[in-house]
Amino acid sequence: MSLVPYFSASSKVWDSLDWIYGIEEIGYSGWEIVADGNYRLDNPENFAAIKERVASTGLSVSVHAPYSDLNLASLNYPIWRESIRQICGCIHHAADLTDRVTIHPGYLSPLGKLIPDLVWEQQKAALTEIGKEAEDCGVLACLENMISIRDFLCRYPEEMIGLTEGIPGIGITIDLGHANTNGLVDAFLAHIGEADHLHIHDNHGQSDEHLALGDGIIRWQKVGRIIARDYTGPVVIEGRNLEEARRSLMAFRGWFV
């Protein structure tokens, strides 16, 4: 399977669904649903509308699970349990649409900073439970690397691989925009063949800007060659609007060969 371009825009989660028709018109093959706001899959009205729109297009689908106010590494047990419940619920519904769901890792709370080993254990335990749900649903839940905020888990490839290794139902989403905020694009590219899902977007290395490809400092010509050589499957281009989606797709077609 060759590289397949999808588009995703977290900035659209409160908008009407009708914008997704523009994704197909521009030339994308798929849409990654950010399952938050009006796109939450656990809302029956939302879910029915999403399925109807997807069925009226030729777009393939992947899903990004909700992450706002959730923490899979929380030491506050009710918060931890609710975080797992929402991720598992998203996976259950997403199975009607896709076999790939991206999930965020947890982060260190003020209490967690005092006992980081227990935070790691909480994250592993959450992934084990989520992985079982994913396997039961025929889905791979892919843990994503995070941006350069010190309290986040999974900013480094070795950490993400260590957390996910050996857990059935759990895979890896590599996000090269996130990697760039940590100065680790090359480090993550070294593991691109191990990725189960891929997110790309640009920035200037300081924050998670989600710019169109070529508008930041990532060397996409080099990156594109490596990805085209070592990875096959969906490549989710994340952006803010359809104009950026169009420019990113043009860049993708020129560099990812």
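A residue counts as buried when its relative accessible area is under 20% and as exposed when that area is over 50%. In this predicted model, Trp14 comes out at 65%, so it is exposed. Trp14 sits in the loop that runs between strand S1 (3-8) and helix H1 (20-26). Leaving aside residues up to four places away in sequence, Trp14 touches Gly37, Asn38 and Tyr39. As for Asp36, the C-alpha atoms of Trp14 and Asp36 are 8.3 Å apart in space, with 22 residues separating the pair in sequence.

Next come two helices. Two packed helices are described by the angle between their axes and the distance between those axes. For helix H4 (residues 116-137) and helix H5 (residues 157-164), the angle is about 55 degrees and the axes are 9 Å apart. That angle makes H4 oblique to H5. On the H4 side, the contact is made by Trp120, Gln123, Lys124 and Leu127, while H5 brings in Glu159, Gly162 and Leu163. Sorted by class, the contact of H4 with H5 has three nonpolar, two polar and two charged residues.

Asp69 has a phi near 65 degrees, which is a positive value in a residue other than glycine. Asp69 is part of the loop between strand S3 (60-64) and helix H3 (77-94). With a relative accessibility of 74%, Asp69 counts as exposed. Cys154 also has a positive phi, near 65 degrees, and is again a residue other than glycine. Cys154 belongs to the loop between strand S5 (140-144) and H5. Is Cys154 buried or exposed? Its relative accessible area is 0%, so Cys154 is buried.

Technical notes. Residues are numbered from 1 along each chain as its sequence is written. This is a predicted model: local features need pLDDT of at least 70, side-chain atom pairs count only at pLDDT 80 or more; totals for chains, interfaces and linings use all residues. Side-chain values use heavy atoms; hydrogens and water are left out. Helices (H or I, at least four residues) and strands (E, at least two) are DSSP runs, numbered from the N terminus. Buried means under 20% relative accessible area, exposed over 50%, partly exposed in between (1.4 Å probe, protein chains only). Contact means heavy atoms within 4.5 Å. Axes are lines fitted to C-alpha atoms, for helices over the stretch in contact, and angles run from 0 to 180 degrees between N-to-C directions. Angles under 35 degrees count as roughly parallel, over 145 as roughly antiparallel, 65 to 115 as roughly perpendicular and the rest as oblique. Ala, Val, Leu, Ile, Met, Phe, Trp, Tyr, Cys and Pro count as nonpolar, Asp, Glu, Lys and Arg as charged, and the others, Gly among them, as polar.
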